[in-house]
Amino acid sequence: MMFKRISVSNAHQLIQAGNATIVDIRDPESFQQGHIPAARLLNQDNLPQFLASAERQLPLLVCCYHGNSSQPAAAFLADKGFVDVYSIDGGFEEWRRQFEVERG
C-alpha cells in the first residue's frame with residue numbers, strides 16, 4: 001500500500017468534512033503545547049491499541065513537525081491496512097501558520 005501527500009489546506013478541508021482520523025507523531029510535550037484539533041498523539045506506547053481499534057476505511061492524516069517523519073509513518077500505517085493514508089506536507093508548523101491549534 002502507498003500513502004499520499006496532502007497540503008495543509010486540503011487536509012483542513014478533509015477534516016472539516018468530518019470523516020478523517022488525524023494522528024500526530026511528535027513528542028508528547030510538543031503535542032501538549034499545540035496540535036491539530038481532534039488529533040490523537042500516536043507513539044510506540046499506544047500504537048498497538050491504535051492499530052487494534054482504528055477505523056481503517058476512514059482517511060488517515062499523519063502529522064509530524066515539518067512533514068518529513070510523517071512520510072515513513074504514513075507508509076507504515078498504509079502497510080497495516082489503512083486504505084487512504086496521507087502525510088501532511090509542512091507538518092504541524094505549516095498548519096500552525098494557517099489554522100487554529102488546540103492545546104492540552
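Q: How many bridges join strand 2 to strand 3, and what makes the two a pair?
A: In this predicted model, 2 bridges join strand 2 to strand 3, and the two run parallel. Strands, like helices, are DSSP runs numbered from the N terminus (E, at least two residues, for strands; H or I, at least four, for helices).

Q: What do the residue numbers and values rest on?
A: Residues are numbered from 1 along each chain as its sequence is written, and side-chain values use heavy atoms, without hydrogens and water. The model is predicted: local features need pLDDT of at least 70 and side-chain atom pairs count only at pLDDT 80 or more, while totals for chains, interfaces and linings use all residues.

Q: Which bridges link strand 2 to strand 4, and strand 4 to strand 5?
A: Strand 2 (residues 21-24) is joined to strand 4 by 4 bridges, and these strands run parallel. Across this pairing, Ile22 stands opposite Leu61. Strand 4 and strand 5 also pair in the parallel sense, over 3 bridges, with Ser87 of strand 5 as the bridge partner of Val62.

Q: What makes both faces of strand 2 and of strand 5 covered?
A: In strand 2, Thr21 and Val23 on one side and Ile22 and Asp24 on the other are all buried. Strand 5 has buried Val85 and Ser87 on one side, and buried Tyr86 and Ile88 on the other. Buried means under 20% relative accessible area, with exposed over 50% and partly exposed in between (1.4 Å probe, protein chains only).

Q: Why are helix 1 and helix 5 called roughly perpendicular?
A: Their axes come within 10 Å and cross at roughly 75 degrees. Angles of 65 to 115 degrees count as roughly perpendicular (under 35 is roughly parallel, over 145 roughly antiparallel, the rest oblique), and helix 1 and helix 5 are therefore given that name. The contact is made by Val8, Ser9, Ala11, His12 and Ile15 of helix 1 and by Gly91, Glu94, Trp95 and Gln98 of helix 5. Contact means heavy atoms within 4.5 Å. Axes are lines fitted to C-alpha atoms, for helices over the stretch in contact, with angles from 0 to 180 degrees between N-to-C directions.

Q: Which residues of helix 5 are buried, and what covers them?
A: Gly91, Phe92, Glu93 and Trp95 are the buried residues of helix 5 (residues 91-98). Their cover includes helix 1 (8-16), strand 4 (60-63) and strand 5 (85-88).

Q: Why is Glu94 classed as it is by accessibility?
A: Glu94 belongs to helix 5. Its relative accessibility is 21%, so Glu94 counts as partly exposed. Not counting residues up to four places away in sequence, Glu94 touches Val8 and Asp89.

Q: Are Cys63 and Cys64 buried or exposed, and why?
A: Cys63 has a relative accessible area of 0%, so Cys63 is buried. Cys64 counts as buried because its relative accessibility is 1%.

Q: Why is Ala38 called exposed, and where is its place?
A: Ala38 has a relative accessible area of 56%, so Ala38 is exposed. Its place is in the loop between helix 2 (28-33) and strand 3. Phi of Ala38 is near 75 degrees, a positive value in a residue other than glycine.

Definitions and conventions. Pairing = 2+ DSSP bridges.
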